[in-house]
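Please consult the sequence and the model while reading.

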Amino acid sequence: MSQPKKNANRVADIVAKTLRAHQVRHAFGVPGGEIVTLIDALQAAGITFNLTRHETSAAIMAAGASTISGNPELLVTTVGPGLANAVNGIADAVQERVPLIVISGVVDRTTRARYTHQVIDHAQLLRPLVKASFEVEQESAASTVARALAIATTEPMGPVHLDLSPAVAASLSPSAFIPEAPKRFITPASVTDPGVRLLAERIRAAERPLLLVGLETARNQAGPALQHLAETIGAPVITTYKAKGTIPEDHPLSLGGAGLSPLADRVLLPLFDKADLVLAFGYDPIEMRLGWLDFVSDQAKLIDISGALVDHAMHHAGTWISADTKSMLQALNGSLVERQTWPSHEPAAAKAALDRLFSTKDAWGPHIIVDHLNEAAGTDGLVTVDSGAHRILLSQKWRAVTPLSLLQSAGFCTMNAALPLAIGAKVADPSRRVFAVMGDGGLEMGIGELATLRDLNLPLTIVLFQDRSLALIAMKQASAGLAPAGVALGETDFAAVAKAFGGYGVNVETIDDFRTELEGADHRPGFSLIACRFDASAYDGAF
């Protein structure tokens, strides 16, 4: 095959330039022969390709970068096993509402029908997981990529897949046209809009209003408007785990996040029975456990306000208003006056009960580790947390003061998400201090990404809860009256592992040592791993 001229636009260049024009800045993946031309084009267009050790981790890194940048980001995989490896990460993206663009290499069309090596139907494989799947063709490459981006970034956001064959990628494009990202305007809601008038009337009539807030509201930067509404009408605010910090969680009206803790549910769910109006702003029940099925017994008092279509049966609202949550909150705030509600002060009692339930009682263990990490992260730090017992405890105890400062796989709840989320976030914002909170099982599942940390030279801190157990599963076995099986982990020397990967590693077993190491990690080049060792029994009755 003859090489194109240096000043010619290959199809791969058109693809890369279109991605760049739509604010994609970071690509993650593992190279293969079918995507070398695309990687070259991405680099030339100013989209950095970050080499990872596994494609699922690459997808979750792109999710972390997207959360921080606010833009779609890119996963690149090779044919067959490369894409198949990424399935878990792509499934995570759809359930976490991430606008992920997935580009996979595919065998050239001229040989696809005859050739079987590594050939699988990519679109069929991903059909349940992506919003759409297309193959990039020479004549329509730019428009196809622009269409994929539009679909991915439309609520509910999610992944879109593109196949790109080597021959098409290397061929000359018949057109140099690059579609720009459209300017999007959300028409502000007005105090005269029917939906706003209805909400205002219902709020004025309510004596016990309650606000339930989800990721959409956090992502829309609607926190100040939400806080203003809560303060005006005296309504407590409960968020999903992913929406923590939409209003500062040290605020008297914040009751923190909810989703997985039975202890917290026993305090929070009764408030919904006592409330006479529940406003769900951008609430997505994909994050919640089965205990939140039909959490409002009288659907007439539940109003859903969201820009996304309702595609679940977790609950049934009496009223649904299709609107941008920030715009709706701002309009409401222009039509309400301050008033006192909840005359019996049940929300304050609930907040005090939660503080007691999740208070720190021991001199060492997961509770006090969370306390000191929360203090070290401050108002600007970003924390990611992996699935497991430590995640439930941390998500309940954590005091988030800004939105999107605690990242996790809350819908898909996949293990080994914290480290790639942290890497992606740090790549997108190198100036921010980032912590990845993991269990030993989760880290061992994706320990190769320590090499990614080393090679990217990211000064990131890993806080490892090392209890030598899949503690959450062991607790579920115990609650079912079963003996533990398949949950015990051997004692890995993670400090030595970190050093072998070129980072700093230390094992700690006291809070003073933990505090000292956290402070040291803030000034250390490269990554630090602090393995906090304690017994899994420290989680007994914790959540």
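The buried residues of helix α16 are P366, H367, I368, I369, V370, H372, L373, N374 and A377; buried means under 20% relative accessible area, exposed over 50%, and partly exposed in between (1.4 Å probe, protein chains only). Because nine of its 12 residues are buried, α16 is largely enclosed by the rest of the structure. The elements covering these buried residues include β13 (382-385), α17 (389-397), β15 (434-439), β16 (461-466), α23 (511-521) and β18 (528-533), where contact means heavy atoms within 4.5 Å. Helices (H or I, at least four residues) and strands (E, at least two) are DSSP runs, numbered from the N terminus.

The model is predicted: local features need pLDDT of at least 70, side-chain atom pairs count only at pLDDT 80 or more, and totals for chains, interfaces and linings use all residues. Residues are numbered from 1 along each chain as its sequence is written, and side-chain values use heavy atoms, leaving out hydrogens and water.

Just after α16, G378 takes a positive phi of about 65°.

A search of the whole structure finds zero disulfides, a disulfide being a pair of cysteine sulfur atoms within 2.5 Å.

| Residue | Relative accessible area | Class |
|---|---|---|
| C532 | 0% | buried |
| C413 | 29% | partly exposed |
| L309 | 66% | exposed |

L309 lies in the loop between β11 (302-306) and β12 (319-322).
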